[in-house]
Each structure stands twice: as structure tokens, then as C-alpha cells.
Amino acid sequence: LKWQDPISSAEMYFRKFPEERVPVWTNPCTDPRHQAILPPSYNCSRKSLPDLLILGPQKTGSTALGSFLSLHPNVSQNVPVPGSFEEVQFFGGQNYLKGVQWENLQKLKKKSTKNEQKRRSLATFWRIFTRFRLILCHFLSKNRLKIRSNFRYMSNFPNSTTFTTVVYEKSATYFDNSAAPKQAAALIPRAKLIVILQNPSQRAYSWYQVRHLLAHKDPTVISEGSSLLSILSTNSTTSPMWKIRQRCISGGKYVQHLDKWLEHYSLQQIYFVDADELRNEPAKVLTSITKWLDLPDFPFETHIRFSPSKGFHCRLIDGKTLCLGGSKGRKYDEMDSELREKLNEIFEMDNSALYKFLKKMRLKIPDWLQEAVRGRA
Ligand code: A3P
């Protein structure tokens with residue numbers, strides 16, 4: 001038997017089991033032993049975890065899908081997170097290390113919003129008022145004013161989701177993150193997942209447009225002169241360009257990533273959205289998703305309008321057309337034929353695998369995929 005101080009033995013342990021360095025969070029509310037040691041701020045009777053994840057991938061219309069889905073009165077989403085396009089980016093990312101209570105800390109931050117400030121002032125007023133009543137009662141008569149012991153009633157549901165039946169979280173970083181499926185399934189095994197199928201060539205081109213736009217701010221992202229064609233033609237796996245190339249094409253390798261999600265979730269838990277259909281007929285897509293989520297019908301068609309100036313569908317709220325910000329649905333030149341050919345070649349195997357997968361599972365094959373497979377046959 002060998003004695004070692006706790007730090008050295010921990011170091012030894014993690015050297016032996018490096019995969020255990022990152023903890024795997026499970027839902028503390030499902031285990032009575034965990035519930036017993038939870039901090040009082042963690043309220044298990046309230047819905048504090050999402051029922052639905054919109055996985056992306058990036059540049060497939062995931063923001064539009066989330067914003068349209070939120071129009072439904074029985075749907076709500078996470079509190080917007082500043083600095084990451086409002087996304088929580090929990091599974092498979094740095095935020096995961098902050099633990100399951102982290103989401104609640106975000107909620108505390110939200111307390112600076114106007115409504116929350118009003119609620120807090122009201123709660124403070126009640127507290128002072130009730131103390132005053134206590135003193136008064138003590139001096140006058142114990143029975144003249146009945147003191148309600150549950151005067152904190154209002155503070156019980158400041159962020160309550162009582163009227164919400166589906167809470168979703170959209171983080172476009174999840175789909176192609178290898179750690180995300182296992183971590184998500186450990187915490188929310190019964191969650192439903194949405195994956196948007198966009199033509200990978202178009203998706204890669206759209207991804208490059210954003211990165212290219214950022215190039216003048218951060219030359220390490222993509223140097224200003226580099227075309228997408230030159231990035232894609234990089235052969236050296238040790239060059240920094242190779243990393244950019246991989247990030248650009250990764251999200252379009254659908255089956256490769258789906259396989260990982262299907263190790264932890266059943267196919268019935270996943271809904272596939274055709275990105276072209278979402279772009280052209282969002283109300284129809286949203287109606288089908290609503291049915292799949294077992295939510296009451298909602299007339300999306302009267303709350304979504306096409307904006308000719310934006311060139312995309314936008315939300316119609318109180319008679320005002322609200323489109324997504326300038327970074328979504330941008331105007332740029334069409335892909336030239338040489339680039340399209342190169343991208344189609346890169347994704348040939350992946351498209352063929354996706355086609356076979358959807359066919360085998362008797363799922364709808366998007367038109368762009370039919371064409372891509374027919375075009376290469
Ligand atoms: P572009 O900006 O390259 O046109 P995501 O939100 O997943 O990052 O996807 C962004 C893409 O969503 C946009 O890429 C755009 O093509 C697509 N999109 C689909 N419907 C949209 C909508 N109603 N408004 C804005 N963009 C939409």
C-alpha cells in the first residue's frame with residue numbers, strides 16, 4: 001500500500017484516466033441524493049433544463065428557425081447570453097466546465113432588466129411592509145392583522161415557465177462538436193433535437209462569407225487576400241489554413257456527426273429540417289415542428305411575412321416587421337462555377353452517405369440532396 005497526498009494522487013488518477021478530466025453532469029433533480037445537497041437556489045419543481053436543442057449546424061438558418069419558433073405562445077428559450085450570439089454554447093464548450101448551476105447565474109444577471117427591477121422593488125416593498133405589519137401587530141393585537149407566512153409568493157416564480165410547455169436552446173456549435181452528444185444525453189436524455197439540412201457547399205460558402213468579413217478585424221482568422229478556393233486547396237495538414245479549411249467544411253459532414261448523436265439519442269428524438277424549405281416556406285416548416293413537439297396549433301402564417309428589402313421572411317410583431325440582424329441573410333456574390341465544383345467534390349461522399357441514410361430511415365430527402373447525388377452519378 002502506498003500513501004500519497006490528495007493532489008498527487010489526483011494527478012496520478014487523471015494521468016491514468018485522462019478522459020475523466022472533464023466531469024459529466026447529470027440532472028441533479030432526478031436523483032434524491034443529489035437533490036438533498038443542492039443549493040436552495042436550485043428549484044427542482046421549476047423547469048430549469050431545455051426540452052429541445054436546435055443543433056444547427058452553423059449557417060443553416062438556425063437563428064431564423066429559433067426566432068420563428070419563439071412566436072409560439074407555448075415556447076420559450078434560454079435567457080440571451082451576451083458575447084456568444086445569445087447562445088448558451090454549453091455542451092462541448094468552455095461553459096460546460098462551469099457546471100449546471102451556471103445557467104441560473106445567467107438568470108441572476110438578467111435581473112438588471114427593467115421588469116426584473118420592478119419585481120425586485122415590489123418584493124422589497126412587500127418585505128418592508130410586512131416587517132412593519134409584524135411590529136404593528138406586536139404592539140396592537142396579534143389577531144387584528146393576519147400575517148401571511150407565504151408573503152414571498154411573488155418571488156417564487158420570477159422566471160417561472162408555468163405557461164410554457166417547451167423550452168428550447170439553440171447553439172449552432174453543438175452539431176459538429178464531438179463531446180456535445182454524450183454531455184447533452186447525460187443531462188437531458190429525453191430532449192428532442194432539431195438538425196437543419198443545408199446544402200453543405202452553400203453552407204461552407206456562407207460560413208466563409210462571415211469569416212471573410214471578420215478578416216479585417218482579426219487577420220489570423222483568414223488573411224484578407226485568401227479566397228475560399230485557395231483555402232480549400234490547402235494540402236498541408238500542419239498549415240494554419242488547414243484548420244480553417246476543416247472548420248469551414250466540418251458542419252456539412254452530416255452523417256459523420258449524426259452517427260455520434262445517434263449513439264446517445266434515438267432517431268425518433270431527432271427532427272430534420274430542409275434548409276431550403278425553411279427559407280422559402282417557414283410557416284409550413286414551423287407548423288410541422290409544432291405537431292412533432294405535440295404543441296397546440298399556431299397560425300405562423302399570420303405572424304411571418306416575406307420582406308422584399310431583406311429578401312427573407314421576418315417576424316410580424318404588433319404590425320411591425322422584425323427581420324434578423326445584418327449578419328444573417330447578407331447579400332454577397334453567388335458562388336462561381338469553379339468553387340461550386342470544388343465544394344461539390346469535397347462533399348461528394350458525405351452527400352452520398354446522407355442520401356443513403358435518409359432513404360434507409362424513410363425520411364424526406366431534400367431537393368438539393370437529390371440533385372447533388374444525381375449530378376455526381
Ligand atoms: P447568410 O447570412 O450567409 O445568407 P445561422 O443562423 O444558422 O447562422 O444561419 C444563417 C443563414 O440563415 C443565413 O446565411 C441565411 O441564408 C439563412 N436564413 C434562412 N432564413 C433566414 C431568414 N428568415 N432571415 C435571415 N437569414 C435566414
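## Contacts with the ligand

A backbone N or O atom of Lys59 lies 3.1 Å from an oxygen atom of the ligand, a polar contact being a pair of N or O atoms within 3.5 Å. The protein covers 94% of the 570 Å² of accessible area that the ligand has on its own (Shrake-Rupley method, 1.4 Å probe).

Please keep in mind that this is a predicted model, with local features needing pLDDT of at least 70 and side-chain atom pairs pLDDT 80 or more, while totals for chains, interfaces and linings use all residues. Residues are numbered from 1 along each chain as its sequence is written, and side-chain values use heavy atoms, leaving out hydrogens and water.

## The shell

Around the ligand there are 16 residues (a heavy atom within 4 Å). Those that come nearest are Ser62, Thr63, Ser206, Gly329 and Tyr332. The shell divides into five nonpolar, eight polar and three charged residues, with Gly counted as polar and Tyr as nonpolar.

Helix α3 (62–69) and strand β7 (312–317) each give two or more residues to the shell (DSSP runs of at least four residues for helices and at least two for strands). The largest share, four residues, comes from α3.

Strand β7 pairs with β6 (residues 304–307) in the antiparallel sense over four bridges, where pairing takes at least two DSSP bridges. Phe306 has His313 in β7 as its bridge partner. Four residues separate the strands of this hairpin, and Gly311 in the turn has a positive phi of about 80°.

Notes: A polar contact is a pair of N or O atoms within 3.5 Å; within protein, one must be able to donate a hydrogen and the other to accept it, and residues adjacent in sequence count only if both atoms are side-chain atoms.
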